[in-house]
Amino acid sequence: GKRGGRGEGGKAVPMEFEQAWETAKKEIAFTTHTPVAAGNEYHSLDALESAGALILSRKEAEAIGGSGEKEKTKMFGMTEAGLRLSFISNAVAALHGETARGMWKHVKGASEILSVTNGVHRGSWQDARMAAVIESGGGTEKLWSFHRENKEELLKEIAQRTGINLDPDVLLIGFARRSVTYKRSTLILQDEEWIESRLRGKKLQLVFAGKAHPQDEKGKELVSEILKWQEKLFDPTTGQGPLVFVPNYDMRLGKLLTRGCDVWLNNPKRPMEACGTSGMKAALNGVLNLSILDGWWPEGCIHGENGWRIGEETCSSEDDDVSGLTGEEVDSRRNARDLQSLQKVIDSDVLCCFGEEGREKWREMMKKSIQMAQHRFSSDRMMTEYFEQIYKRKPVH
């Protein structure tokens with residue numbers, strides 16, 4: 001049937017479906033944001049039709065949003081539609097581009113998927129004093145001094161919000177992001193003997209923050225597990241505790257955390273993290289990343305120089321024969337391996353570097369972290385790439 005298009009002067013003109021589709025494609029660039037199933041929606045064509053939301057014929061809707069997979073017949077895929085309705089598409093990190101191209105290679109008529117890595121707005125997230133030190137060629141002693149002030153400010157906020165006092169002289173590892181299972185917020189807590197000895201022995205402290213979706217029961221269970229650890233380790237006589245969950249996560253708290261922690265922990269199931277930007281914010285402030293090589297981090301990490309990697313450059317289960325194993329068993333094996341790697345890096349690299357003997361190296365790593373992130377992971381660079389790689393490719397009518 002006839003579909004609306006735009007003629008000269010922006011006036012609506014009737015078009016056949018195929019012509020309208022081709023005309024629309026010339027105006028649309030599509031960004032795919034996540035490999036996670038929940039972020040790639042499917043809607044029943046029957047339900048759309050009965051709700052009066054299907055303005056196309058069934059055949060036309062299937063042509064645009066059909067997945068081509070048997071288990072998804074009679075479903076309208078939002079990502080498939082985005083890929084078919086655009087002249088170009090992009091993922092949000094280089095690794096995510098590889099993942100997305102593999103995920104959606106079955107979609108016939110899809111636009112090409114490029115990669116434009118996300119970036120963060122320096123004016124909103126970077127301590128201006130840190131930027132000034134780097135830009136003026138100042139010494140690392142100033143970076144450390146400003147970092148100590150940021151850490152004190154964070155600990156003061158944590159005490160006000162939770163009543164728990166942390167030690168400014170003990171290494172502080174931060175983990176703040178949405179509470180979803182693939183991000184594995186509680187991975188570091190799974191070896192109880194190992195983590196408890198380091199927390200009670202004042203080797204390190206942990207601060208968690210983030211929210212679960214109200215309907216994500218497993219996400220809420222992760223928060224509950226962290227709160228049980230907080231209660232277990234809290235000393236009511238001194239008001240001190242080496243582990244804390246800070247409620248009511250918001251941008252203000254996010255800014256304090258990505259400036260005041262010593263280390264920023266990220267251990268998702270690779271390659272489920274499309275990009276992740278909190279680590280960029282941390283890096284801009286000299287907070288050292290300790291992360292699985294997922295999302296943006298493979299593009300920024302120089303292990304032992306501007307942060308640390310957890311594990312190797314492959315998925316934890318890629319080298320294994322996993323035939324005959326259930327998904328749960330594969331996950332269990334991956335978790336065990338990643339936890340072992342995380343523990344090794346903390347014990348062998350992070351803790352010894354944080355002490356007085358390694359302090360000079362730590363400050364130098366802070367400097368290299370900021371230098372790495374200043375331009376490469378800024379929103380200025382990101383927007384330039386969108387214009388150069390995406391918008392300039394817009395077809396000429």
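The model is predicted, so local features need pLDDT of at least 70 and side-chain atom pairs count only at pLDDT 80 or more, while totals for chains, interfaces and linings use all residues. Residues are numbered from 1 along each chain as its sequence is written, and side-chain values use heavy atoms, leaving out hydrogens and water.

Let's begin with helices H9 (residues 192–200) and H10 (residues 217–233); helices are DSSP runs of H or I with at least four residues, numbered from the N terminus. Their axes lie 12 Å apart at an angle of about 50°, with axes fitted to C-alpha atoms over the stretch in contact and angles running from 0 to 180 degrees between N-to-C directions. On the H9 side, the contact (heavy atoms within 4.5 Å) is made by Glu 192, Ile 195, Glu 196, Leu 199 and Arg 200. H10 contributes Trp 229, Lys 232 and Leu 233.

Now turn to helix H8 (residues 140–162), where you will find Glu 157. With 10% relative accessibility, Glu 157 counts as buried (under 20% relative accessible area, 1.4 Å probe, protein chains only). Its side chain joins that of Arg 252 through a polar contact of 2.8 Å, a pair of N or O atoms within 3.5 Å, one able to donate a hydrogen and the other to accept it.

Finally, Arg 381 sits in helix H16 (residues 379–390). Arg 381 is also buried, at 8% relative accessibility. Beyond four places in sequence, its contacts include Val 116, Asn 118 and His 375.

Definitions and conventions
Helix = DSSP H or I, 4+ residues; strand = E, 2+ residues; numbered from the N terminus. Buried < 20%, exposed > 50% of the residue type's maximum accessible area, 1.4 Å probe, protein only.
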